[in-house]
Amino acid sequence: MSQLLYAYQVVFTVALIILAVLVILCLFRAILGPSMADRIVAINMIGTLTIMMIGILAIYLKEGYLIDVCLVYAMLSFLAVIVLTKIHMSLYLRKKQREEERKEKSHV
C-alpha cells in the first residue's frame, strides 16, 4: 500500500511541475502575444492551469478546503476573462467606428 501512495505522490509532483512549466509558457504568451485575443486566451489558460494545480494539491495534501478555494478561483477566473473580453470588444468596436468615420470624411 505504501508503494501505491509513493507512486501517487510522484505522479502528483510530476503533474504539478508540468503544469507550472505550462503556466510560465502561457505567461510568456500573455506578455509577448501578437494580438489582444492571444493575450486573453493565455490569461484564461493560466487560470485553468491554476485551478488544476489547486485541485491536484487538494488531493495531494488531503485538504478539503482547497476544493472550495478552487471553485472560488474558477468563478473569479471566469469573470476576469469575461471582463477582459468585454473591454477588448468595446475597444475594437470603437476603433472600427473611428476608421469608418475617417473613411466617410475622406470620401466627402
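Let's start in the middle. The largest nonpolar core has eight residues, namely F12, L16, L19, V23, C26, I46, L49 and I56. By nonpolar core I mean a set of buried Ala, Val, Leu, Ile, Met, Phe, Trp, Tyr and Cys residues joined through side-chain atoms within 4.5 Å. And buried means under 20% relative accessible area, with exposed over 50% and partly exposed in between, using a 1.4 Å probe and protein chains only. Helices α1 and α2 each supply at least two residues of that core, and the largest share, five residues, comes from α1. In soluble globular proteins, nonpolar side chains tend to be buried together.

Quick housekeeping. This is a predicted model, so local features need pLDDT of at least 70 and side-chain atom pairs count only at pLDDT 80 or more, while totals for chains, interfaces and linings use all residues. Residues are numbered from 1 along each chain as its sequence is written, and side-chain values use heavy atoms, with hydrogens and water left out.

Now the overall layout. The protein chain has three helices and zero strands; helices here are DSSP runs of H or I, at least four residues, and strands are runs of E, at least two, numbered from the N terminus. The C-alpha atoms fill a box of roughly 80 × 25 × 15 Å along the principal axes. Of the 108 residues, 19% count as buried.

So what about α2? It covers residues 36-61, and its 26 residues should span 38 Å at 1.5 Å a residue, which agrees with the 37 Å between its end C-alpha atoms. The expected span is 1.5 Å times one less than the number of residues. Its buried residues are I40, A42, I46, G47, L49, T50, I54, G55, I56 and A58, and what covers them includes α1 (2-32) and α3 (65-107). Just after α2, K62 takes a positive phi of about 55°.

Two contacts to click on, where contact means heavy atoms within 4.5 Å. Not counting residues up to four places away in sequence, F12 touches I56, I59 and Y60. Over in α3 there's S77. Is S77 buried or exposed? Buried, because its relative accessible area is 12%.
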